[in-house]
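Please open the model in your viewer and keep the selection tool at hand. The tour below goes from one selection to the next and says what is found at each stop.

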Amino acid sequence: MNETILFLPILLQLATAVLILFFWNHIQSQKLISIFSNLATFFLAGLLLFAPAYSESMFVQAGNWMPPFGISIVADTLTKVMVALTSIVGLAVSVYSYVGIGNSRARYGFYPSFHFLIMGLMGAFLTGDIFNLYVWFEIVIISSFVLVSLGADKERLQASIPYVSMNLLASVIFLTGIGILYGLTGSLNMADLSIQVANIENRSLVQVCAVFFIVGFGMKSAAFPLYFWLPSSYHTPPSAIASLFGGLLTKLGIYALIRVFTLIFIPDFALSTLLEWIAVLTLFTGAVGALIQTNLRKMFSYIIVCHIGFMLAGLSLHTNTSLTGTIYYLIHDIPAKANLFLIAGLIYRLTGSYYYKDMGGLQKSHPLLSFITAVALFSVAGIPPLSGFFPKIFLFRSSLYLSDPLTVSMILASFLTLFSFAKMWKEVFWKEHPTGKELNMNFTPSQWIFTMLPILFLLAISLFIGLGAEYITKIAQTISGEILDPNIYIDTVFPKGGSF
Amino acid sequence: MELLLSIMIGSLYASGIYMLLRRSMVKMIIGLILLGNGVNLLIFLLGGVSKGKPPILSAKLENFADPVPQALILTAIVISFGLQAFAIVLVQKVYEVLKTDDLDMIQKLEGDL
């Protein structure tokens, strides 16, 4: 197989979604098709990432129309890593939703929407054309609208209004940026834009365009001050869906920011300072927001916001070390956050509630679950040798020399994350169970298997990212070197050099 | 022509953002619709406004209009149409279940932080 393998992640998910639509009334078949398809995508992504035949950056043109007029599908290492992480979370959520999504939701199109969402994510990571990126973003958000409002009862609808409106606004802002960019350069291909944006004389208009992209993508990746839709909406969907959102959708925004601001716009002093302060405030407000929560999933939502700040910090500093930190953080964060929400779902199944006041005594009754949760929490908080620690080394190493506010806010955010987790641990695991409320102990064996298997799978991936830090650092440094030199990307798309 | 289009786009954006900040959900949706129209017109303007030229490149015809913005606008219209349809049905369902059109009242029903 040659470069056309790059179409396969997208087409496989599309075929699965369409196939599942034919089994609209047979929920059992839908579940099995979903699991097998995600397993196939997982192996495909592993093949793309690790097989020596595909180790170079590849590109393929949709419909064989030549760049810069046709749509390019480009797969450098960052793309391959993101596709692999998406397939991992997709597989975990697929297995979890075997028992995690009740039949009533599954009957109203959970599985087709789920696969359209994964297809949109794969497309967004693989594309090399900025308007195509917009289209894939829209596919992702409309599938997520369906998933967030599935059930149409009071809580889901309350959450869907901020979610829908903020995401639509972000899309409009993003499209404005694309329009201005097209007007300035006449091209939509990212490699071509990279060449042309550097040569435009009207730098202030380029600056304005860059700010549109920062606002649009920042809203999608839940950066300060436009992140309030996230804590308002991520605590309501069923845990399988919440885990999918928490692990992947904000990281799509971060990926887009990294791609646009290393390839197309090179941030000058003003933009870097803007990104730096956005990162500082995101770190601070996210961490402080998590402190006061009494709802488990709301606390996790604020932790998502807080840790977006770490990735923005690395992006704003724009050195090799800091971008290595950002990429490593991205690799660490996706399985870790997805795992957190799956564990929250398990705790809900055991205790019947997401509120701290209804929980307690889980350490005594479920010591193994406590251990697993502890490992997952320590990983997110950044305790060595787990996976959250190593990206922080790179981030701190660059911010100590370049930016004091970032260093201070990163230290504060790490400490407050640990504090919020300690508070959660005390409430959920250590304190005595409130009397009068029974722990739900009657799980069937199949429920245990399908709930624990994805949690353990994501935990294993997370442990590998931590304990195999040498290997992941090499990948992150490769990616960082690739994205800091746009010529590598440009040479992939225009092999003879120069644009059309 | 460009001046007229610029003023038009500016007023669409302004009115769209104004409507987004209203308290009623229906007005918010109308604001999003106006913003969508504004951005479509913006792409049209930035693609180069020309009078009466076909979007075809051929050996005989030297003057042609740029077909790419037309394609972009069509795609954007279709996408925003689909999203707005979903948003309108969602608002209808929210009114049915929560019995209110007032965005402040939705937040009051939440109960915790």
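**First stop: a charged pair in chain A**

Select Asp153(A), which is partly exposed because its relative accessible area is 30%, where buried means under 20% relative accessible area, exposed over 50% and partly exposed in between, calculated with a 1.4 Å probe on protein chains only. Before going further, note that this is a predicted model, in which local features need pLDDT of at least 70 and side-chain atom pairs count only at pLDDT 80 or more, while totals for chains, interfaces and linings use all residues. Residues are numbered from 1 along each chain as its sequence is written, chains are lettered from A and ligands numbered from 1 in the order in which they are written, and side-chain values use heavy atoms, with hydrogens and water left out.

Arg156(A) counts as buried, at 12% relative accessibility.

**Other salt bridges**

Over all chains, the search finds 12 salt bridges. One of them joins the side chains of Glu427(A) and Lys431(A) at 3.1 Å, N to O; here Glu427(A) is buried at 17%, whereas Lys431(A) is partly exposed at 24%.

In chain B, select Arg23(B) and Asp102(B), whose side chains form a salt bridge of 3.6 Å, N to O. Arg23(B) lies in the loop between α1 and α2 (25-46) of chain B and Asp102(B) in the loop between α3 (67-98) and α4 (103-108), so the pair ties together parts that are 79 residues apart in sequence. Helices are DSSP runs (H or I, at least four residues), as are strands (E, at least two), numbered from the N terminus. Arg23(B) counts as exposed, at 51% relative accessibility.

**Where the chains meet**

Next, show both chains and select the residues in contact between them, meaning those with heavy atoms within 4.5 Å: chain A gives 34 residues and chain B gives 35. Together the two chains bury about 3,000 Å², 79% of it on carbon and sulfur atoms, buried area being the accessible area (1.4 Å probe) that two parts lose on being put together, summed over both. Highlight Gln158(A), Ile161(A) and Tyr182(A), which supply 21% of the area that chain A buries against chain B, more than any other three residues.

How many salt bridges cross the interface of chain A and chain B? The rule finds zero there. On the side of chain A that touches chain B, the elements giving two or more residues are α6 (130-148) and α7 (154-185), and α7(A) gives the most, with 16 residues.

**Two buried residues**

Return to chain A and select Asp333(A), which lies in helix α14 (residues 320-351) and counts as buried at 0% relative accessibility. Leaving aside neighbours within four places in sequence, Asp333(A) is in contact with Lys251(A), His307(A) and Met311(A).

Finally, select Leu5(B) in helix α1 (residues 2-20) of chain B, a residue that is buried with a relative accessible area of 8%. Not counting residues up to four places away in sequence, Leu5(B) touches Leu41(B), Phe44(B), Leu45(B) and Val49(B).

Conventions:
Salt bridge = Lys/Arg side-chain N within 4 Å of Asp/Glu carboxyl O.
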